[in-house]
Amino acid sequence: MEVIARVAEMQARARQWRREGKQVGFVPTMGYFHQGHLSLIRRAVQENDLAVVSVYVNPTQFGPQEDFHRYPRDLERDIRLAEEEGVHVLFAPSDAEMYPQGYQTYVEVTELTQGLCGARRPGHFRGVATVVAKLFHIVQPTRAYFGEKDYQQLRVVERMVRDLNLEVEIVPMPIVREIDGLAMSSRNVYLSPEERRAATVLYRAWKAAQEWVAQGERDALRLREKVVRFIEAEPLARVDYVEIVDPLTLEPLERLEGEARLMLAAFVGSTRLIDNGPLTAT
Ligand code: AMP
């Protein structure tokens with residue numbers, strides 16, 4: 001495996017692969033790998049001639065009061081794990097490479113970013129869309145893999161790819177969870193042992209919501225209230241948002257018919273966690 005830190009060098013590799021007609025799988029990440037990342041990486045290695053993984057904690061997607069500086073990092077471990085999975089190139093650029101002096105160009109997906117995490121984290125998806133567009137131009141992948149863990153991000157990236165005519169196939173991947181249901185996240189290391197136990201409340205709330213829907217609940221507002229109360233019953237948890245949305249447009253629903261998505265964000269202690277899952281009204 002090659003570790004590349006320079007944009008120009010990564011672009012030269014990508015140019016060479018394109019000339020050779022190689023299919024390139026790409027997994028953009030912020031590093032500190034867990035099984036969620038590894039599931040995306042395995043799939044990328046499996047179904048392409050070459051796999052590229054980027055490790056870059058993107059400053060433009062963090063708000064001024066957020067955890068950019070203390071976000072967990074362990075590049076040596078990430079390099080080892082990527083190598084073990086058969087990754088061909090790990091791209092780990094510096095901030096100066098990605099956002100050199102004078103940088104002033106951003107990508108904005110206007111509607112899908114209005115609600116949910118977009119409303120709670122102003123500028124977050126502008127940073128995400130910008131860095132993903134840049135990475136796609138640098139790596140020139142055939143396919144790129146995104147986890148449903150970050151469901152709104154997945155929809156935003158799909159929209160950007162369509163709107164900007166980018167020639168990359170976006171492959172959505174299911175959420176990988178711990179045994180007790182907690183969605184894997186690099187941020188889970190922030191949790192104290194007590195908070196770690198409480199953090200399963202998001203998964204349990206989704207399971208409870210599925211059960212309420214199975215029992216016939218079709219009023220989205222009422223279901224939402226039940227889910228809020230369920231989460232707030234956990235003393236260490238505080239709801240940031242609970243929404244029941246259309247899985248494609250992410251617009252809030254009034255009634256449950258067919259497929260919906262339950263979108264959850266909560267603080268457990270001072271750590272903000274997100275989760276989501278399907279709700280099917282048959
Ligand atoms: P991150 O490093 O947190 O930015 O995540 C990089 C990619 O891994 C994104 O596409 C995430 O959606 C995905 N991802 C993160 N956690 C999980 C998980 N528990 N299951 C599946 N995919 C995940």
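How many nonpolar, polar and charged residues does the shell around the ligand have? The views below, drawn from a predicted model, take up this shell and then a pair of helices.

**View 1. Residues around the ligand.** The ligand is surrounded by 18 residues. By class, the shell has nine nonpolar, seven polar and two charged residues. M30, H37, D150, V176 and M184 are the closest to the ligand.

View 2. The side chain of H37 has an N or O atom 2.8 Å from an oxygen atom of the ligand. For the side chain of D150, an N or O atom lies 2.7 Å from a ligand oxygen atom. G147 takes part through its backbone, with a polar atom 3.0 Å from an oxygen atom of the ligand. The ligand taken alone exposes 480 Å², and the protein buries 93% of that. Two or more residues of the shell come from each of β2 (24–29), α2 (35–46) and β5 (143–147). Helix α2 gives the largest share, three residues.

**View 3. Packing of helices α9 and α10.** Helix α9 covers residues 201–214 and helix α10 covers residues 220–232. The two pack at an angle of about 145 degrees, and their axes are 10 Å apart. Their crossing is right-handed.

**View 4. Side by side: the residues of the α9 and α10 contact.** From α9, the contact is made by V201, L202, R204, A205, A208, A209, W212 and V213. From α10, L223, K226, V227, F230 and I231 take part. The residues of this contact divide into eleven nonpolar, two charged and no polar.

Note on methods
Residues numbered from 1 in each chain as written. Predicted model: local features only at pLDDT ≥ 70, side-chain atom pairs only at ≥ 80, totals over all residues. Heavy atoms only, no water. Axes fitted to C-alpha atoms, helices over the stretch in contact; angles between N-to-C directions. Helix = DSSP H or I, 4+ residues; strand = E, 2+ residues; numbered from the N terminus. Left-handed = near helix turned anticlockwise from the far one by under 90°. Contact = heavy atoms within 4.5 Å. Nonpolar A, V, L, I, M, F, W, Y, C, P; charged D, E, K, R; others polar. Near = heavy atom within 4 Å. Polar contact = N/O pair within 3.5 Å; in protein donor to acceptor, adjacent residues only side chain to side chain. Areas by Shrake-Rupley, 256 points an atom, 1.4 Å probe, with all protein chains shown as cover.
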